[in-house]
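This report goes through one structure, element by element. The sequence and the coordinates come before the text.

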Amino acid sequence: MDTMRERFAAVTTELLDSDPRLALVLAVISAERFTPAARAHPDRVIDVGIREQLLVGAAGGLALTGLRPIAHTFASFLVERPFEQVKLDLGHQGVGAVLVSAGASYDVAAGGRTHQAPGDVALLDTLDGWTVHVPGHPDEAETLLRHAAADGDSRVYLRLSEHANSAPQPVVPGRFRVLREGRAGVVLAVGPMLDAVLAATSGRDVTVLYAASVRPFDAASLRAATARAGTTDLVIVEPYLTGTSSAHAAEALADVPHRVLALGTRRAELRRYGTWQEHVAAHGLDAVGLRARINAFLGV
């Protein structure tokens with residue numbers, strides 16, 4: 001299976017050939033994957049060098065000319081480092097772009113803290129009008145990328161990761177999908193956390209919802225799932241900062257008594273290197289860690 005990042009490069013190269021409104025802005029990262037595209041479209045494939053603030057600023061400028069820019073680098077360099085440009089050059093200017101990250105929370109763990117971005121989605125939550133996709137498989141990443149590229153002037157963040165599920169889901173942008181129904185509680189699995197959630201809840205009488213799109217938050221699907229289950233006990237399992245979606249879930253269930261267990265990466269910095277798999281386990285987000293905490297919370 002190819003990776004989400006590999007799929008992104010292949011699909012974006014194809015889209016640049018077919019849609020003259022698209023432009024791609026890079027900051028060195030992944031530039032080698034777009035060498036043919038840069039030769040074919042030198043006016044619409046721009047590498048600004050290791051200047052991440054310029055990366056987003058250039059995307060904003062291209063959007064002001066009527067183009068649909070796709071900006072790409074590691075998540076920590078795409079959302080955190082140039083956050084002021086994301087806020088001003090896109091949001092304040094009222095223009096759109098597709099920000100496509102790689103690296104996720106700790107894919108590049110050996111790069112140290114500079115290359116880790118567990119707070120990226122929480123940071124974008126401080127801004128208005130962002131659509132956020134967190135695919136769990138390369139096929140889902142392709143579906144969401146194609147949708148975002150054609151989505152007018154919207155502001156979209158597509159969060160790619162090495163961590164992926166074994167099989168894709170038929171995702172619909174902006175909608176949660178019911179994969180399993182039960183009565184002891186509802187577990188919302190986000191993107192690449194799905195395989196671990198399914199393993200952790202195997203044999204348990206719980207509803208499992210899947211989200212490859214997390215913003216806007218699909219409150220209607222969550223409310224419908226809790227109504228069918230007859231419980232408002234909710235577990236949210238996200239591949240980034242613990243509690244990122246808690247406020248959205250609380251708002252969706254504001255008119256009914258409810259409990260929410262938020263599971264994600266810890267706020268305390270994990271000062272270790274290693275693989276993303278080792279980081280998943282260290283944060284208790286593997287099947288073993290999830291099963292223990294979900295069972296204790298739901299009493300199953």
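Arg266 sits in the loop between strand E12 (259-265) and helix H11 (276-282). Helices (H or I, at least four residues) and strands (E, at least two) are DSSP runs, numbered from the N terminus. Arg266 counts as partly exposed because its relative accessibility is 44%; buried means under 20% relative accessible area, exposed over 50%, and partly exposed in between (1.4 Å probe, protein chains only).

Leu241 is 25 residues from Arg266 in sequence, with the two C-alpha atoms 6.3 Å apart. Leaving aside residues up to four places away in sequence, Arg266 touches Leu241, Thr242, Ala282 and His283, where contact means heavy atoms within 4.5 Å.

## Basis of the values

This is a predicted model, in which local features need pLDDT of at least 70 and side-chain atom pairs count only at pLDDT 80 or more, while totals for chains, interfaces and linings use all residues. Residues are numbered from 1 along each chain as its sequence is written, and side-chain values use heavy atoms, with hydrogens and water left out.

## The five-stranded sheet

An open sheet of 5 strands has the order E7-E9-E8-E11-E12, with mixed pairing; two strands pair if DSSP finds at least two bridges between them. Strand E7 (177-180) and E12 are at the edges with a single partner strand each, so one side of each has no neighbour in the sheet. From one strand to the next the twist averages 25°. Angles run from 0 to 180 degrees between N-to-C directions, and axes are lines fitted to C-alpha atoms, for helices over the stretch in contact.

Strand E8 (residues 186-190) runs parallel to strand E9 (residues 207-211), and 5 bridges join them; Val186 has Thr207 of E9 as its bridge partner. In E8, 5 of the 5 residues are buried, so the strand is largely enclosed by the rest of the structure. Val186, Leu188 and Val190 point one way from E8, Val187 and Ala189 point the other way, and all are buried. Strand E11 (residues 233-241) is joined to E12 by 6 bridges, also in parallel, and the partner of Val235 in E12 is Leu261. Helix H9 (residues 219-229) lies across E7, E8, E9 and E11, at about 170° to E9.

## The seven-stranded sheet

Another open sheet, of 7 strands, is ordered E2-E1-E3-E4-E6-E5-E10, and its pairing is mixed. Its edge strands are E2 (45-47) and E10 (213-215), each of which pairs on one side only. Here the twist averages 20° from one strand to the next. Strand E5 (residues 130-133) and strand E6 (residues 155-159) pair in the parallel sense over 4 bridges, and the bridge partner of Val132 in E6 is Tyr157.

Helix H1 (residues 4-18) lies across strand E1 (22-26), E2, strand E3 (68-74) and strand E4 (97-102), at about 140° to E1. Helix H3 (residues 52-64) lies across E1, E2 and E3, at about 170° to E3.

The 15 residues of H1 should span 21 Å at 1.5 Å a residue, and the end C-alpha atoms are 21 Å apart, which agrees; the expected span is 1.5 Å times one less than the number of residues. Buried residues of H1 include Met4, Phe8, Val11 and Leu15. Among the elements covering the buried residues of H1 are helix H2 (35-40), E3 and H7.

H1 packs against helix H7 (residues 138-149) at an angle of about 35°, with the axes 9 Å apart. From H1 the contact draws on residues including Arg7 and Glu14, and from H7 on residues including Asp139 and Leu145.

## Backbone exceptions

Most residues other than glycine have a negative phi, and most peptide bonds are trans. Val28 is not a glycine but has a positive phi of about 75°, and Ser30, also not a glycine, has a positive phi of about 70°. Val28 is in the loop between E1 and H2, and Ser30 lies in the loop between E1 and H2 as well. Val28 counts as partly exposed because its relative accessibility is 37%, whereas Ser30, at 2%, counts as buried.

The peptide bond joining Arg215 and Pro216 is cis, with omega about -5°. Pro216 is placed in the loop between E10 and H9.
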